[in-house]
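Hi everyone, thanks for coming along this morning. Please have a look at the sequence and the structure before we walk through them together.

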Amino acid sequence: MASLSLTQIRGNSINNPVAEFARTRCPQLGLPVRSSRVGFRVFASESSSKGPEPDLSVNVNGLHMPNPFVIGSGPPGTNYTVMKRAFDEGWGAVIAKTVSLDAEKVKNVTPRYAKLRADANGSKQGQIIGWQNIELISDRPLETMLKEFKQLKEEYPDRILIASIMEEYNKAGWEELIDRVEQTGVDAFEINFSCPHGMPERKMGAAVGQDCALLEEVCGWINAKATIPVWAKMTPNVTDITQPARVALNSGCEGIAAINTIMSVMGINLTTLRPEPCVEGYSTPGGYSSKAVHPIALAKVMSIAKMMRSEFGDKDLSLSGIGGVESGGDAAEFILLGANSVQVCTGVMMHGYSVVKKLCSELKDFMRQHNFSSIEDFRGASLEYFTTHTDLVHRQQEAIQQRKAVKIGLRSDKDWTGDGFVKETESMVSN
């Protein structure tokens, strides 16, 4: 957002950015809300540099990031060491692996990943296009993670650290988790309403994200307690992803993150006849990610962005795109569909933390190609080109009629000219 500045809208005046979100109460309903968390708009300002170097910096819900690339919640944000590495490599923000109050209930297995390659089933050759995991949320004690959050914010006070949180269906539990995590100084929450395996068995993760009534209730608890921005991470394992996204935004969330992994069975080993990933001869459906999910993620993000534009257009909400990002071009597609930031998780697991340099370089190349100086210059630019199939038919019929009209050629002898005589003749030839 090109030297973007975050401003708060109050009436017709534009004030300086605010660092904290005050808490107020809604006099009509008597419900606790955080109206001061709402009312932020991102504006593109003129770059102080007159050179051609594109500006990748963004401001999202008051959070300034040097670039839109965010470590997605998962193994790349599982402890202090790896999150520090991400900051040192230059990632715009880091979302830590999801935490909950009782890590003792989290029991992971090994192996817990499986790959899908472009070649035949079982081949060790070929490009990796799909990745499945049956990994759960953080199995480290909450207190350990909290100490590491605090340490990271002390060492990197100007970098954005986002806590991903998840809890069972219990209001007091959510309130305790929010309070304890906020005390570490993290900049925002991403609420995991979307983990497709393991956690739904405890009425967590996708069990909430797939039930709009439950989602509305839990979002209400969260947004009544949290005093920092809240993003709701959506599951793609629904018929219409705009429905839970709408509920989350109407319930006070400042942002939507989409998509989490797609429920899948990676494959069957044709030698052993056992499913992958294979744990003591058995497996369970898990979350699918990597390059193969990118088109699906784009469609989901497009749907959410169009809904946000039409129903929340004048509100200052954010959208974080997730799914199969391995290049700057992949990221540009999400931004063209309205994403403020782009998350990468599996890509880091495959290519390492330094991949952010490649992502930034390629995104800048794309921006130079189109003379874009900031992210806001092209964010959402492709949304207007999506329509209904009925409209596509109508548009094509009109275009065919126009082409036919051109082929008809001259309507009168007086229209013949000397200079264009040959072309005018050809315009009336039928074969």
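Let's start with a question: is serine 290 buried or exposed? Serine 290 is buried, with a relative accessible area of 3%. Here buried means under 20% relative accessible area, exposed means over 50%, and partly exposed is in between, using a 1.4 Å probe and protein chains only.

A quick word on where this comes from. This is a predicted model, in which local features need pLDDT of at least 70, side-chain atom pairs count only at pLDDT 80 or more, and totals for chains, interfaces and linings use all residues. Residues are numbered from 1 along each chain as its sequence is written, and side-chain values use heavy atoms, with hydrogens and water left out.

Back to serine 290, then. You'll find serine 290 in the loop between β19 and α7. Helices (H or I, at least four residues) and strands (E, at least two) are DSSP runs, numbered from the N terminus. Serine 290 has a positive phi of about 85°, although it is not a glycine. Most residues other than glycine have a negative phi, and most peptide bonds are trans.

Asparagine 371 also has a positive phi, near 60°, in a residue other than glycine. Asparagine 371 sits in the loop between α10 (355–369) and α11 (389–408), and counts as exposed at 70% relative accessibility.

Now for the cis peptide bonds. One runs from alanine 258 to isoleucine 259, with omega near 10°. Isoleucine 259 is in the loop between β15 (255–258) and β16 (262–264). Another cis bond joins glutamate 276 and proline 277, where omega is about -10°. Look for proline 277 in the loop between β18 (275–276) and β19 (286–289).

How many residues does the largest nonpolar core have? The largest core has 99 residues, and Trp91, Phe149, Ile165, Phe189, Phe193 and Leu363 have the most contacts inside it. Helix α7 (residues 294–311) gives the most to this core, with eight residues. A nonpolar core is a set of buried Ala, Val, Leu, Ile, Met, Phe, Trp, Tyr and Cys residues joined through side-chain atoms within 4.5 Å. In soluble globular proteins, nonpolar side chains tend to be buried together.

Leaving out residues up to four places away in sequence, phenylalanine 193 touches residues including Val208, Leu215, Ile222 and Met234. Contact here means heavy atoms within 4.5 Å.

Finally, the charges. Side chains of opposite charge can pair when their charged atoms come close. How many salt bridges does the structure hold? There are 19 salt bridges, each being a side-chain nitrogen of Lys or Arg within 4 Å of a carboxyl oxygen of Asp or Glu.

In one of them, lysine 364 pairs with glutamate 53, and the closest N and O atoms are 2.6 Å apart. This pair links distant parts of the chain, 311 residues apart, with lysine 364 in helix α10 and glutamate 53 in the loop between β5 (40–43) and β6 (58–60). Glutamate 53 counts as partly exposed, at 45% relative accessibility. Glu53 and Lys364 also belong to a network of salt bridges with Asp365 and Arg368.

Glutamate 190 and lysine 233 form a salt bridge too, with their closest N and O atoms 3.9 Å apart. Glutamate 190 lies in strand β13 (residues 188–192) and lysine 233 in strand β14 (residues 230–233), so the pair ties together parts 43 residues apart in sequence. Both glutamate 190 and lysine 233 are buried.
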